[in-house]
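Here are my notes for you to read beside the model. Please take the points in order.

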Amino acid sequence: MSANIQKFFAKFLATLFFILAVLVCGSSLITGFTQFTGGEELTQVLIKIINSNIIAIAVFELAMVINKEYGNKNEHDVIVMMRRTLPRFISTVCVALSLEGLIMVIKYSQADMAGNLYYPVAIVVSAAFLLIALGLFLHFVPKDSVGENKQK
């Protein structure tokens, strides 16, 4: 694939994801305001806004990764790109999953739905497994091809 075509699609997709992140943030605030004025509890409204904005953060981070790795440089070493971008993106996803699990724990605790706590626990455990997998990936990927400062 031509480098110009790759840069065009990278810029297009990054811009699209930036716009989607802004729309999700705006939509969550508008929806939260209408629900609060409609009589819903402030705590529930804030939890819904946080849920939506966690998704917006993940979409924003994806746009940043696409823009940085595919839109600017002509570097084609896949291992170098993955070693630079995966930790940042996976850590954002892990934070989003962890926050989602914690929010669900709070939500189910307030609603006396303790029997449904399996779902948030599964989300938090999956975030932990994802973080462990990232650590294993970074441990086993060769560090020499990354272009980092060699310490030996």
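Predicted model: local features only at pLDDT ≥ 70, side-chain atom pairs only at ≥ 80, totals over all residues.

How many helices and how many strands make up the secondary structure of the protein?

1. Overall make-up. The secondary structure comes to four helices and zero strands. Along the sequence, the pattern reads α-α-α-α.

2. Burial and contacts. The protein has 152 residues, and 27% of them are buried. Take the contacts between residues at least 6 apart in sequence: 72% of these join residues at least 24 apart.

3. The pairing of α1 with α2. Helix α1 spans residues 3–37, and helix α2 spans residues 42–70. Their axes come within 8 Å. The crossing angle is roughly 170 degrees. Angles over 145 degrees count as roughly antiparallel, and α1 and α2 are therefore roughly antiparallel to each other. The residues of this contact divide into 22 nonpolar, seven polar and three charged.

4. The largest pocket. About 160 Å³ of space lies in it. Eleven residues line the largest pocket. Closest to its centre are V65, Y70, M81, M82 and T85. Which elements give two or more residues to the lining? They are α2 and α3, the latter covering 78–110. Helix α3 provides the largest share of the lining, with six residues. By type, the lining divides into nine nonpolar residues, one polar and one charged.

5. T92. Is T92 buried or exposed? T92 is in helix α3. Its relative accessible area is 13%. The cut-off for buried is under 20%, so T92 is buried. Setting aside residues up to four places away in sequence, T92 touches I57, A58 and E61.

6. N51. This residue is in helix α2. Why does N51 count as buried? Its relative accessibility is 17%, and buried means under 20%. Which residues does N51 contact, leaving aside its neighbours within four places in sequence? They are E100 and I103.

7. Points to keep in view while checking the model. For the helix pair, look at α1 and α2 along their axes, which cross at roughly 170 degrees. For the largest pocket, begin with the residues closest to its centre, including Y70 and M81.

Key:
Residues numbered from 1 in each chain as written. Heavy atoms only, no water. Axes fitted to C-alpha atoms, helices over the stretch in contact; angles between N-to-C directions. Parallel < 35°, antiparallel > 145°, perpendicular 65-115°, else oblique. Nonpolar A, V, L, I, M, F, W, Y, C, P; charged D, E, K, R; others polar. 1 Å grid on protein atoms, 1.4 Å probe; cavity = no way out; pocket = protein on both sides within 12 Å on 5 of 7 lines; lining within 4 Å. Points joined across faces, edges and corners; volume = space filled by probe spheres on them. Buried < 20%, exposed > 50% of the residue type's maximum accessible area, 1.4 Å probe, protein only. Contact = heavy atoms within 4.5 Å.
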